[in-house]
Each structure stands twice: as C-alpha cells, then as structure tokens.
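Hi,

Here is the structure I promised to pass on.

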Amino acid sequence: MAQDAKVILDKVSKKVKEYSAIYVEYDMQLNDEKAGGPIANESGKAWIKGEQFKIETADFHIYTDADYFWAYSKSDNSCAINDYSDIQEEKGFTPSDLFTIWETGYKQEHKGVNNGLTQINLYPTDSENPFHTIVMYIDESTLEITKASMNSRDGQEMVYTIKEFKANPEVNDATFKFNKGDYPGVDMDDQSFRD
C-alpha cells in the first residue's frame, strides 16, 4: 500500500509542477483537542507560484515574493514587512508545500478510498517536525488534493478544504508584492533587513 501511495503522490507532484501557477479558494478549520473542538474558522483565496504566494482572508492579506513577506491587517490598516527567510525559518510551511510536502521527509500510507477520495497518510521521519500526521484526500480522476488535515504534536489540527482549484491563473511579479497604493493611509512597519 505504501508503494500505491507513492505512485499516486508522484502523479500529483508531476501534475502540479506542470502548472505555471495555482489559484485556490479554501476553508480552514483549526481544532484543538484541549479545547474540545474547533477554535477558529477561516476562508481564503491563494495565488501560488513556487515560493511566491498571495493569500487573502477576511482579516488579512499576505504577500511574499520569496525575498520579503508582507502581512497586512485590515482591522488596523497596517502592514508588517519581514524577510521571507526569517518567516520561513519560524513557520516552516508555505502554501505550495501543501501540494508537494510528501516529497521529502515523510513515510506514506494508503488508507483506502472513501466517497470517491483516496486517503493517504503522511508520517514525518524527523521527530523535530511539528506535525505527527498529515492526511491527504485526493481525487484520483483529476489528481487534485481536495482536503488536507495537518495534525500537530501540540494537539492542534488544521483542516484545509479546497473549494476551488484553478491551474495557470493570470499572475505576474506584482501579484506577490504589497502595493501601498492599494491601501490608502496604511501604516507600514518595516522589520526587514533591507539595504
């Protein structure tokens, strides 16, 4: 079954890498076993091109061009700028990882097919990994991930449900950079190490 899982995931990776970029609309639910269930829900849109991405939710807009990371908060019309490498070191996970995370550092287990979706569990080989299990639900007819459940060692679970998936959306370099002009009166907080 592990071999079957690898074959399916390799096909998903291959297909994703053929795209110039990806657009997704998603729902995310954060569960906490200590709190006894859901503690947060969020819907969002994401444009992804390699390490570059833009995420829009009701409360935040996040941009990265893989050099800098802009986090805009609607509630106080402010934007914090950081070096992307610092954020990556701290968080260790990007939206693009969701579509290829299994390629290194995970054992794979095929758990069967339910409601037309193939379930594959991923178990990290590194004990320092913040997740103990990641569960992928894949539509084998389209080779698309429709849902992913990421279970952390601290008892939290992030469940991403992909509502819409588009390959090769229209994006350019400006898509992944914060443009002050789009946010009148924004308060900028530059915490990066720019020259």
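**What I found**

Let's start with serine 152, which sits in strand E10, residues 144–152 (strands, E, at least two residues, and helices, H or I, at least four, are DSSP runs numbered from the N terminus). Before going further: this is a predicted model, so local features need pLDDT of at least 70 and side-chain atom pairs count only at pLDDT 80 or more, while totals for chains, interfaces and linings use all residues. Residues are numbered from 1 along each chain as its sequence is written, and side-chain values use heavy atoms, with hydrogens and water left out.

Serine 152 counts as buried because its relative accessibility is 13% (buried is under 20% relative accessible area, exposed over 50%, partly exposed in between, with a 1.4 Å probe and protein chains only). Its side chain makes a polar contact with the side chain of aspartate 154, at 2.3 Å (a polar contact is a pair of N or O atoms within 3.5 Å; within protein, one must be able to donate a hydrogen and the other to accept it, and residues adjacent in sequence count only if both atoms are side-chain atoms). Not counting residues up to four places away in sequence, serine 152 touches Pro130, Phe131 and His132 (contact means heavy atoms within 4.5 Å).

Threonine 64, in strand E4 (residues 60–64), is buried too, with a relative accessible area of 0%. A polar atom of its side chain lies 3.0 Å from the backbone nitrogen of alanine 66, and one lies 2.7 Å from the backbone oxygen of tyrosine 68. Beyond four places in sequence, threonine 64 touches several residues, including Phe53, Trp70 and Tyr84.

Now the cores. Which residues touch the most other members of the largest nonpolar core? They are Phe99, Leu122 and Met136, out of 35 residues (such a core is a set of buried Ala, Val, Leu, Ile, Met, Phe, Trp, Tyr and Cys residues joined through side-chain atoms within 4.5 Å). Apart from it lies another core of 8 residues, among them Tyr63 and Phe178.

Last, the charges: there are 8 salt bridges (a side-chain nitrogen of Lys or Arg within 4 Å of a carboxyl oxygen of Asp or Glu). One joins aspartate 10 and lysine 6 at 2.8 Å, N to O; these two are about one helical turn apart because they are 4 residues apart in helix H1 (residues 2–18). Another pairs glutamate 109 with lysine 111 at 3.7 Å, N to O.

Cheers
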